[in-house]
Amino acid sequence: MELIAYHYGEAVQLSQRSTSPLPLPFDPARAVSLLVRAAQLAARSGALAEARNHVWTAINIAPREAHVLLYERLGDIGILGSDAASYLEAINGWRELSERDPVVGARVLRKLSVSCHRWTGRSSVPLSDAEFAALLPEARQLAEQAGDVDTLWRIRMAESFEWWSRARRQSVPDPAEAERRQEIALQAAAYFEEKGDWEACSEALDAAAGPSIVLGRWREVIQLAERRLALPQLPPVERGDARYMLLWALYTLGDYERSLGIVRDLLAGRGVEDSITHLSQTFGWFAVSAVLIGHWSALDEIKPLVAEAFDATGSTARWLDDVYLVLLMVAQAREDRAGMDVAAAALGRLLDGRSPTMKSIVTAYLRNDPAAIDLERVAQRRSEGPTHLTLLLCNEAGFVLPDVFLDSVRRWRSSPDMFDALPPCGDIAEAIAARDPEALAQAIEEAERHHLIPHAARVRIVLAEMTGDPAPLVQARPVLERLGDRQFLRRLEEVAGALEASATQVDT
């Protein structure tokens with residue numbers, strides 16, 4: 001199957017390169033069918049880049065009226081919203097058809113909305129807020145026109161994802177509306193469970209987790225994720241997302257050790273149904289947990305698997321951003337030039353044409369220069385990941401953050417989806433800005449109680465500089481030596497030398 005698909009692709013490329021069109025040496029309809037089948041097999045094994053190539057070849061040889069379903073297929077291949085634009089192309093093509101199947105229109109509109117609100121595809125789709133808001137009402141009208149009960153239930157789930165996406169941007173979401181949305185999602189889960197549609201049941205349980213997140217009920221998020229993982233015949237995307245949600249909840253609660261254990265057990269028991277692509281959805285939480293609590297050697301366990309996942313998915317694997325940034329951070333700490341180059345190259349591909357906020361943070365880490373971060377943009381974005389990454393780099397450099405950024409961190413303290421690691425990092429930033437050594441010492445101890453051992457050790461160097469007292473360096477040294485943190489051991493020696501020189505001048 002793969003060999004046939006390859007030869008079809010080669011034939012299409014030769015035809016397109018010719019100065020005059022060459023007839024294709026095969027039946028286009030049969031070729032499209034085989035290419036779609038090859039794409040399905042490749043996607044199921046996690047070879048998303050290969051699957052996308054097969055569908056693109058099919059699009060190049062299929063008649064225009066077949067493009068709607070092919071672009072829909074392309075969107076289906078892109079997990080976590082990485083190909084939302086394909087659904088937009090599909091619905092635009094559907095609108096151009098002389099005879100439009102309302103079920104197809106409703107289905108694609110729903111998928112477009114879900115890819116943008118459940119996943120992270122909104123930034124890649126050039127629609128206004130009003131156009132986004134119109135997607136699901138149109139889908140509902142089409143489904144009602146067709147009398148399709150299953151599609152109507154799926155649209156209700158999509159509406160819950162849209163509500164959750166909007167609620168997370170609000171300072172005080174409505175608890176009553178959150179409860180109502182969760183009840184609808186649980187009703188949908190019961191409906192699809194009775195029908196034995198496990199994929200839709202999992203999606204509904206995920207929709208039910210949104211209100212729990214908004215209300216800060218993370219134990220419920222864990223229970224819903226575990227319920228999803230217990231469903232039979234769960235497709236890889238749903239299984240991978242359920243694990244992602246489980247690890248997100250554990251990370252938010254500060255249970256980093258359990259996060260690491262779950263992924264290790266998962267990799268140890270990896271079966272044929274678990275492609276590296278779908279397993280890699282868990283790598284972000286694994287990597288960030290490992291770097292925060294100082295289990296850096298754990299990153300060496302997943303490094304080859306991360307590279308394998310990146311090769312299989314190409315630059316569409318947005319969930320690998322955090323992994324490669326963590327690998328960059330550890331390579332810098334170890335002064336591993338080759339590791340730094342690999343991570344930097346991957347981040348360059350992953351972030352090409354993407355969020356300027358994340359680009360500025362990556363640039364700052366590459367240069368080891370907090371001033372390169374667009375602090376105002378990070379503060380306005382109100383996203384916990386970029387906020388935390390900014391705090392880590394700035395605190396460890398002793399960089400004084402402006403009030404606009406510190407204000408945004410203060411607002412996070414009342415957020416129900418605040419990471420356990422964020423308050424102590426925020427306290428450290430506040431103490432550095434105030435030049436308050438007593439508050440900084442207390443904040444460092446609090447960071448240690450939250451298991452942020454490397455960050456606490458690095459910031460002790462800042463405390464020693466602030467106070468002129470070498471005692472914090474003595475506390476930091478064994479931690480940095482255990483980690484193999486050559487970058488900050490070098491800095492520690494520089495500060496120790498400066499303090500010694502200063503003390504000598506005073507004595508003389």
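Among contacts in the protein chain (heavy atoms within 4.5 Å) between residues at least 6 apart in sequence, 65% join residues at least 24 apart. This is a predicted model, in which local features need pLDDT of at least 70 and side-chain atom pairs count only at pLDDT 80 or more, while totals for chains, interfaces and linings use all residues. Residues are numbered from 1 along each chain as its sequence is written, and side-chain values use heavy atoms, with hydrogens and water left out.

**View 1. The whole chain, to get your bearings.** The protein chain has 27 helices and zero strands; these are DSSP runs numbered from the N terminus, with helices being H or I of at least four residues and strands E of at least two. Its radius of gyration is 25 Å, close to the 23 Å that the globule rule gives for 508 residues, so the protein chain is as compact as a globular protein of that length. (The radius is taken over C-alpha atoms, and the rule is 2.2 Å times the number of residues to the power 0.38.) Along the principal axes, the C-alpha atoms fill a box of roughly 90 × 60 × 40 Å. Of the 508 residues, 54% are buried; buried means under 20% relative accessible area, exposed over 50% and partly exposed in between, with a 1.4 Å probe and protein chains only.

**View 2. Helix α15, a mostly covered helix.** How many of the residues of α15 are buried? The count is 11 of 11 for this helix, which spans residues 283-293. Among the buried residues of α15 you will find F283, W285, F286 and L292, along with G284 and S289. Just after α15, G294 takes a positive phi of about 85°.

**View 3. Helices α16 and α17, an oblique pair.** The axes of α16 (residues 297-313) and α17 come within 11 Å and cross at roughly 135°. Axes here are lines fitted to C-alpha atoms, for helices over the stretch in contact, and angles run from 0 to 180 degrees between N-to-C directions. The two helices are therefore oblique to each other: angles under 35 degrees count as roughly parallel, over 145 as roughly antiparallel, 65 to 115 as roughly perpendicular and the rest as oblique. Their crossing is left-handed, meaning that the near helix is turned anticlockwise from the far one by less than a right angle (clockwise would be right-handed). From α16, the contact is made by S297, L299, D300, I302, K303, V306, A307 and F310, and from α17 by V323, Y324, V326, L327, V330 and R334. By class, this contact has 10 nonpolar, one polar and three charged residues. Ala, Val, Leu, Ile, Met, Phe, Trp, Tyr, Cys and Pro count as nonpolar, Asp, Glu, Lys and Arg as charged, and the others, Gly among them, as polar.

**View 4. Helices α17 and α19, roughly parallel partners.** Helix α17 (residues 321-334) also meets helix α19 (residues 356-367), with axes that come within 10 Å and cross at roughly 15°. The pair is therefore roughly parallel, and α17 passes α19 in a left-handed crossing. On the α17 side look for D322, L325, L328, M329 and Q332, which meet M358, I361, V362, Y365 and L366 in α19. Eight nonpolar, one polar and one charged residues make up this contact.

**View 5. Two loop residues with positive phi.** Where does E335 sit? Its place is in the loop between α17 and α18 (337-350). E335 has a positive phi of about 55° although it is not a glycine, and at 32% relative accessibility E335 counts as partly exposed. N368, in the loop between α19 and α20 (375-381), has a positive phi of about 55° and is not a glycine either. With a relative accessible area of 47%, N368 is partly exposed.

**View 6. Helices α22 and α23, a roughly antiparallel pair.** The axes of α22 (residues 403-412) and α23 (residues 422-434) come within 10 Å and cross at roughly 150°, so these helices are roughly antiparallel to each other. Helix α22 passes α23 in a left-handed crossing. Here L406, V409, R410 and W412 in α22 meet L422, G426, A429, E430 and A433 in α23. The contact has six nonpolar, one polar and two charged residues.

**View 7. Glycine G196 in a loop.** G196 is found between α9 (175-195) and α10 (198-214). At 33% relative accessibility, G196 counts as partly exposed. The C-alpha atoms of G196 and L231 are separated by 9.7 Å, with the two residues 35 apart along the chain.
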